[in-house]
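The exercises below are meant to be worked with the sequence and the structure side by side. Try each task before reading the solution that follows.

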Amino acid sequence: MKLKAALTILGLFFLAALSGPLLGLDPGPIDVQHIFAAPSAQNWLGSDDAGRDVLIQLVIGALPSLVVGLSAAAVAILIGGTVGILAGYSRGWLDLVLLRIMDYFIVVPALPFAMVITAIWGPGLGHMIVVIGILLWSTTARVVRAQVKSGRERLYVQRARALGASHFHILTRHILPQVLPLIGTTGSLAVALAILTQAALEFFGLAGTGVLSWGTMIRFAFQRDAMLNDAWWVVIPPGLCICLVITACYWLAQSLEQKLNPRLHTTDLRIRSFALRASAEKP
Amino acid sequence: MTSRSRYLLGKIGIAVFGIFATLTLNFFLFRVLPGDAISSMARVPGGSVELKEALMRQFGLDKPLWGQYLDYLVQLAQGNLGVSYSSLRPVTDEVLRALGNTVPMTLLGILIAILVGVTSGIIAAWKHDTAIDNVISNIATVIYSAPTQWIAIMLVLAFASYLPVSGASDPFAFANDIWSILADRVKHMILPSLTLALATFGQYTLVTRSAVLATLGEDYVSAAKAQGYPVSRVLAYQALPNALVPIVTLIALSAGTVIGGSVVVETAFSWPGIGRAMYDAIVQRDYPMLQGALLVVTIVVILVNLLADLVNMKLDPRIVE
């Protein structure tokens, strides 16, 4: 149920994101007649401070938001996966050092760091992807490390090692298949976090010039006093879109985890099995 | 050495390592990344070579990197974070004053978030797999998914006619007795704190729910239920205390997100705290200020996590094994 809802929402938003450039949508030139015009039959979501259609901007804005979210998550997973496998497989001092670095990055406040790095490095979508990626990898690394650590002690892996399998063979044939399903869960969480961080950075004006995304739409609505003009149609839609995409990501992660890690259920199953047993004994 | 003091020393060691890593990272971040402070200082766009050199000398930027690093550590040990490029006042003073504004607002917000999150999480766990649980979990997830700045704007749209939406106090207030000043401050604090609470409570709900759910399956809970104790007592004395360790850990781990949230909240509500100071420093390219604020924020987060480790040791002494 949740899985279907999540996939539907994400699918629709991807279609919308692609339709922006495919249909050549354009919010039109500045139109002083329609500054903060209310929603109407012509402009379903009204117009913004420059009299341009909000709905079209919303569709165009989907692409940068999703692209940055996905790419930053990909960077995070790539770093996190590599570090996690390296730490979990190597054990010993390398594991310890990497673990400390992971813990550090888990604790460190990501958004202030991202603000500062993007501000010094210079705003821009490309920079944002890298910065968000290098700040969000640690959770993935932790999860992967734990899985690899337990995975390399499994009997069939030890057997492969005893038979003289190389590290490369063990990693690619035995460890990686154990790790990949986890990437689905932590990956969708990373996408959610990346989109939120991106929107916050854009709120601080760190998107660079000429970027039209959901985050910059919120920034402009805030900066150009949409609230004073009671122009709720400028600010509600982009926030709602972000909210929906991220909820979908969380639901995706939750349902994947339930499918992949049924042990999460064991604890409440105990109550239920106990209740079942009790009711079965009654008649 | 007992396992207890070994645990303590280990945790303190990790915190010290974290703080040192932050100092170092904070220093090199501002030196290694491209774009030098002088040429991007808004005050001197295309300033003459002489002016640039004078400024470089004034701020000690003409020394080699290691010399600067050593200077930085020595000055830091004396509590000196440098001089703000924009206000030309000591960064330490500015940061501490801003922190004084951030702490009450953030604490109020986080308190509301913990109260709402933990309560709703317990209810969701107790009523697990019912409609109530579904409603609570889904509402928590959806609100947690909303961008903080957007929640702020929504609250402004809804409450702008009833509550102040900008600043920490009314600059035109006449009354100067302590109670009206306090009332004014609290009034200004409501919307920022509420935004922060809304933006963060969802994770507490979900974690409390799963932590309590895990203890509900334990034998001692079944035993208490079998003895006929009321639900509230089983939850308060059996389920919740045993679920506290993961909850406290999460609350501490969320300190980073909370600080990030308050940076956004302070920018949205012009709250004169450390987040607002960071935003202003970015806009004005005031690097010492930015550096000092980031340093203080990170150290606070590391210390909060150390505190959580100590609290957890009290809650569950077995943790030291």
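**Exercise 1: one residue in its surroundings**

A:Leu256 lies in helix α10 (residues 232-260) of chain A, and the model in which it is placed is a predicted one. Decide whether A:Leu256 is buried or exposed, and find which residues A:Leu256 touches, leaving out those up to four places away in sequence.

*Solution.* Begin with the count of neighbours: A:Leu256 has 20 C-beta neighbours inside 10 Å. The cut-off for a buried residue is 20 or more such neighbours, and A:Leu256 therefore counts as buried. Next, set aside the residues up to four places away in sequence, and the contacts of A:Leu256 are A:Gly184 and A:Thr185.

**Exercise 2: confidence along chain A**

State where in chain A the confidence is lowest and where it is highest.

*Solution.* Start with the chain as a whole, for which the mean pLDDT is 81, with 91% of the residues of chain A reaching 70 or more. Then go through the elements: helix α11 (residues 263-281) of chain A has the lowest confidence, at a mean of 38, whereas helix α5 (residues 125-135) of chain A has the highest, at 90. Finally, look at residues 264-283 of chain A, where the pLDDT is below 50 and where the stretch has 12 contacts in the model beyond near neighbours in sequence.

**Exercise 3: two helices of chain A**

Describe how helix α2 (residues 54-90) of chain A and helix α3 (residues 92-107) of chain A cross, and name the residues that make the contact.

*Solution.* The axes of α2(A) and α3(A) come within 7 Å of each other and cross at roughly 140°. Because of this angle, α2(A) is oblique to α3(A). The crossing is left-handed. On the side of α2(A) the contact is made by A:Val83, A:Leu86, A:Ala87 and A:Ser90, and on the side of α3(A) by A:Gly92, A:Leu94, A:Asp95, A:Leu98 and A:Leu99. Sorted by class, this contact has six nonpolar residues, two polar and one charged.

**Exercise 4: chain B and a pair of its helices**

Work out which kinds of element chain B contains, and then describe the packing of helix α4 (residues 91-126) of chain B with α5(B).

*Solution.* Chain B has 12 helices and zero strands. Of the 321 residues in chain B, 39% are buried, and the C-alpha trace of the chain spans about 85 × 60 × 40 Å along its principal axes. Among the contacts in chain B with a separation of 6 or more, 75% join residues 24 or more positions apart. Turning to the pair, α4(B) and α5(B) pack at an angle of about 145°, their axes being 8 Å apart, and their crossing is left-handed. The residues in contact are B:Ser120, B:Ile123 and B:Ala124 of α4(B), together with B:Ile132, B:Asp133, B:Ile136, B:Ser137 and B:Ala140 of α5(B). By class these are five nonpolar, two polar and one charged.

**Exercise 5: where the chains meet**

Find how many residues each chain gives to the contact between chain B and chain A.

*Solution.* Chain B gives 45 residues to the contact and chain A gives 39. Several helices of chain B give two or more residues to the side that touches chain A, among them α1 (3-32), α7 (178-216) and α12 (287-315). The residues on that side of chain B divide into 31 nonpolar, 14 polar and no charged.

Conventions:
Residues are numbered from 1 along each chain as its sequence is written. Chains are lettered from A and ligands numbered from 1 in the order in which they are written. This is a predicted model: local features need pLDDT of at least 70, side-chain atom pairs count only at pLDDT 80 or more; totals for chains, interfaces and linings use all residues. Axes are lines fitted to C-alpha atoms, for helices over the stretch in contact, and angles run from 0 to 180 degrees between N-to-C directions. Helices (H or I, at least four residues) and strands (E, at least two) are DSSP runs, numbered from the N terminus. Angles under 35 degrees count as roughly parallel, over 145 as roughly antiparallel, 65 to 115 as roughly perpendicular and the rest as oblique. A crossing is left-handed if the near helix is turned anticlockwise from the far one by less than a right angle, and right-handed if clockwise. Two residues are in contact if their C-beta atoms, placed from the backbone, lie within 7 Å. Ala, Val, Leu, Ile, Met, Phe, Trp, Tyr, Cys and Pro count as nonpolar, Asp, Glu, Lys and Arg as charged, and the others, Gly among them, as polar. pLDDT is the predictor's confidence in each residue, from 0 to 100. A residue is buried if 20 or more other C-beta atoms lie within 10 Å of its own, exposed if 12 or fewer, and partly exposed in between; C-beta atoms are placed from the backbone.
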